[in-house]
Amino acid sequence: MKDSFFRSMTWLHTWTGLLVCWLLFLIFFAGTLSFFRHEITLWSQPAIHDVAPQENRVLSQQSQITSALQHLEANAADAETWWVGLPTERSRAIEVSYQDKGKEGERGQWHDQFMDPNTEETLNEYRDSKGGLFFYRLHFDLHYMDRTIARWLVSFASLFMLIGLISGVVIHKRIFKDMFQFRKGKGVRTWLDAHNLSSVLALPFHIMITYTGLVTLIFMLFPYPAMTQYEEGRKAFFADLNPARQHVDITGNRVEMLPMKQLVDQFYTNWPNIDVKRVIVDHPSDETAQLKFYANTGTKVQDEMPVWIYNTVTGELVMTANTELSASETLYDGMIALHTGRLALPGLRWLFFVCGIAGCVMIGSGAVMWAKRIRERMKADQTASFGLRLVEGLNLATIMGLPVATAAFFFANRLLPDSFTGRAEAEIHLFFLGWLGVALMALYKAGTAQWRQLAQFNAVLWLLLPLCNAFTTQGNLVSYIVKQQWVLAGFDILCLITAAVFYIQSRKLANKEAATPATSRTLKGQVV
Amino acid sequence: MTQLLAFLLCFTGFTGFALAKSSHYRAVFAVRIDTKSSRHILIMSWVCLLASAVVSMWHQFGYGSVLFCGYMAVSVMCLALVLSYQPAKLRSLIYVLPALLIITSILMLI
């Protein structure tokens, strides 16, 4: 332990940050993109680009639910589950999905389709793609690994982040005095200012998102109260907490369900003004079959949707849940709602996004600053240690590699043929292949030249993405603006802004390279 | 309109916080600020910031409080960029911000 409190805190801040900064950057990056996951999904499904927005969204729901359930009844009578997602302010089409019955111990395959909410007819051109859901799952389940292990890793990283945030506030003595300070062109000091500024400006967001992120996994991290109170442990606790979510095993005894229209009409007779977000039928035509209506919570700080569960044979209302939450449920659910940001209207969503980007800058600038400080302290003839080269390589691989990988994912969405088997997984493989390529390059050498080359590469990739979209779909930036398709136009504009930022970065790095004397140690090595 | 007013109040508050500091004041106006003026600006800034919080949370406390945090982040980011690259531009805001605040308040009341 160091000899003073301040030094101990500085040590703690440095090492808790550095040990997990690359994983944290991935979590923040993917999490930030997840705030727009429905918008990314919309972009990745060209078939629904031209679906006209509805004027009376809630009034049309009764007919839409009936049509969707009748479609599933006709086409997937033997399915394990029917799933209908109604159009919301963010998603235009009706999502109609069903899950096959799984083999012993395995989950069945999901089949997805879209319906036009205006004509209530199915759209045939469904593109097998995870879209925004990939980034959402990536930020807490990672990929290519067991979910439980991934969630533990993410939780540890989040805990380290929380420690880093608190120790950061402690060591930054002039946190409010220096609030607006950004001294450009001053080497490590500039990186420090960028780190401080990006931390301070969104400090409430950083603390909220990290703490509530841990809360989302709290029953995995801290199951002991539930295990103490319930003989059957967490399972019994969850059954008590949320009985509507409990899985009932299928019996295989087939029964005749009431007509879907009758069930839907019955719901609307009792609850005529509910904005329904989702309808699920578990085990259709089985004696355990249940029809569930989930209500949209809108801008309420509540994540769990109120649900009404009906018996599909008798039409009886079996259960209502989440309509009134207790004080502790309200607190817990409110924190989940703040983390997911599902409540956010476009303005707040953009604020979440900006704060998420600030989080990425905070993590990235901290990692870069550490390497730059170590290199500054080195003597002119000293060779960089393995640790320093590793940190520099990982910085380059993560900060510049993730945008390359994301662009690769989007290009794959547009260029892979629809008939390609395992298309959705192939998009994800290309994401990781793109990242792997950059990582190999970065771990081989991570100097200013490599940063510049990757900045140029990123600029070209993000510039070409709207062009690729224009050549492979019916729309382009101009048509989106003319038709007032702001989500799609926003996607293209954001690509162009990203390309411009990378271009500016490459120009600055090129100037820096030109200004560096040939005898400087930067030519031997790795300074950014 | 309510949310625009909340953001403008928040931005005005943080502009005041920045100008209450002698280094930033000198960068903007090329003269030193005296202690008394600095104190007055600080009080005005706190009033604006509190007013922004109240206006943000007026209709929906939970949603409004998240919005308010977002407004603070964007305000600090914008000010930091202006103060670093074009500090003199902040001078015009001294007149523009109150005018915008008045217009937005009137439009909101109408």
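I count a contact when heavy atoms lie within 4.5 Å. The model is predicted, so I keep in mind that local features need pLDDT of at least 70.

**Entry 1: chain B against chain A**

I looked up who takes part. The contact takes 22 residues from chain A and 23 residues from chain B. I then checked the area. The two chains, B and A, bury about 1900 Å² between them. Carbon and sulfur atoms carry 78% of that.

How many salt bridges are there between chain B and chain A? I found zero. Polar contact is counted for two residue pairs between chain B and chain A, both at pLDDT 80 or more.

Next I asked which helices of chain B supply the side that touches chain A. Helix H1 (2-19) and helix H4 (61-85) of chain B each give at least two residues to that side. H4(B) has the largest share, 17 residues. I sorted the side of chain B that touches chain A by class: 17 residues are nonpolar, five are polar and one is charged.

**Entry 2: H7(A) on H13(A)**

I moved on to packing within chain A. Helix H7 (residues 203-216) and helix H13 (residues 346-377) of chain A pack at about 85°, and their axes are 10 Å apart. Angles of 65 to 115 degrees count as roughly perpendicular, so H7(A) and H13(A) are roughly perpendicular to each other.

I listed the residues that meet. H7(A) brings Phe205(A), His206(A) and Met208(A). H13(A) brings Phe352(A), Cys355(A), Gly356(A), Ala358(A), Gly359(A) and Met362(A). In this contact of H7(A) with H13(A) I note six nonpolar residues, three polar and no charged.

**Entry 3: H14(A) on H15(A)**

I took a second pair. Helix H14 (residues 386-399) and helix H15 (residues 401-415) of chain A pack at about 30°, with axes 3 Å apart. Angles under 35 degrees count as roughly parallel, so I log H14(A) and H15(A) as roughly parallel to each other.

Leu396(A), Ala397(A), Thr398(A) and Ile399(A) in H14(A) meet Gly401(A), Leu402(A) and Pro403(A) in H15(A).

**Entry 4: salt bridges**

I looked up the total over all chains: 17 salt bridges. One entry I wrote down is Arg90(A) with Glu39(A), whose closest N and O atoms are 2.9 Å apart. This pair links distant parts of the chain, 51 residues apart. Arg90(A) sits in the loop between strand E1 (81-85) and strand E2 (94-99) of chain A. Glu39(A) is in helix H2 (residues 37-44) of chain A.

Methods:
Residues numbered from 1 in each chain as written. Chains lettered and ligands numbered in written order. Predicted model: local features only at pLDDT ≥ 70, side-chain atom pairs only at ≥ 80, totals over all residues. Heavy atoms only, no water. Buried area = accessible area lost by both parts, 1.4 Å probe. Salt bridge = Lys/Arg side-chain N within 4 Å of Asp/Glu carboxyl O. Polar contact = N/O pair within 3.5 Å; in protein donor to acceptor, adjacent residues only side chain to side chain. Helix = DSSP H or I, 4+ residues; strand = E, 2+ residues; numbered from the N terminus. Nonpolar A, V, L, I, M, F, W, Y, C, P; charged D, E, K, R; others polar. Axes fitted to C-alpha atoms, helices over the stretch in contact; angles between N-to-C directions. Parallel < 35°, antiparallel > 145°, perpendicular 65-115°, else oblique.
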